[in-house]
Amino acid sequence: MHAEKLHRIEKVQWNPPVLSFQIERHGGTTLGSTRAEMQHWEVNVEQGTANQVRRTHRQIHSMAKRWSPAALAVELAEAIRQGKDHQKLLWRKKGTVALSGDAVPDGFKQTVAGRKKKLKEAIAQILGSDWPERVWRTPA
């Protein structure tokens, strides 16, 4: 941790010889998380040791609105079964298909990835085991 991040420390307590505090870290937010990690530290100034004793999280951006893939999964499964074009599907060679970039509502990277995964799982469940899992391919 660099010294310039010390302005983020909170709940500082001095119980000699231990200085304890918590600090907000933003590593996950750079990857699309809406939560910051809160690290709780204890520094023993006599022994010259520092230990992170606990980790929690703090919501710093609003979470994305809830979204259910159910209705869209039914629509896309039917289009796949029939081999029809759909604005949220990209057909590939040999009958493979991918979800288009706008197949799910936009949002943070992790949220979008999770939504696409849930949509694919819902479609696979509707199509059943007779539809090969290899149908999904990553878009070009």
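Mentor: Read along the sequence, the chain runs β-β-β-β-α-β-β-α, which comes to two helices and six strands. Helices (H or I, at least four residues) and strands (E, at least two) are DSSP runs, numbered from the N terminus. The model is predicted, so local features need pLDDT of at least 70 and side-chain atom pairs count only at pLDDT 80 or more, whereas totals for chains, interfaces and linings use all residues. Residues are numbered from 1 along each chain as its sequence is written, and side-chain values use heavy atoms, with hydrogens and water left out.

Of the 140 residues of the chain, 28% count as buried. Here buried means under 20% relative accessible area, exposed means over 50%, and partly exposed lies in between (1.4 Å probe, protein chains only).

The side chain of Q22 makes a polar contact with the side chain of H40 at 3.2 Å, and the side chain of H40 makes a polar contact with the side chain of T56 at 3.1 Å. A polar contact is a pair of N or O atoms within 3.5 Å; within protein, one must be able to donate a hydrogen and the other to accept it, and residues adjacent in sequence count only if both atoms are side-chain atoms.

The wider surroundings can be described through contacts, meaning heavy atoms within 4.5 Å. Leaving aside neighbours within four places in sequence, H40 is in contact with F21, Q22, N51, Q52, V53, R54, R55 and T56. With neighbours within four places again left aside, Q22 is in contact with R8, I9, E10, K11, M38, Q39, H40 and R58.

One of these partners of Q22 is K11, which is found in strand β1. K11 is exposed, because its relative accessibility is 64%. K11 also has a positive phi of about 50° although it is not a glycine. A cis peptide bond, with omega about 5°, joins P16 and P17, and P17 is placed in the loop between β1 (9–15) and β2. Most residues other than glycine have a negative phi, and most peptide bonds are trans.

A nonpolar core is a set of buried Ala, Val, Leu, Ile, Met, Phe, Trp, Tyr and Cys residues joined through side-chain atoms within 4.5 Å. The largest one has 16 residues, and those with the most contacts inside it are L76, I80, L89, L99, L119 and I123. At least two residues of this core come from each of α1 (70–82), β6 (97–99) and α2 (109–127), and α1 gives the most, with six residues.

Lastly, G128 lies in the segment after α2. G128 has a relative accessible area of 27% and therefore counts as partly exposed. The C-alpha atoms of G128 and A77 are separated by 10.0 Å, while these residues are 51 residues apart along the chain.
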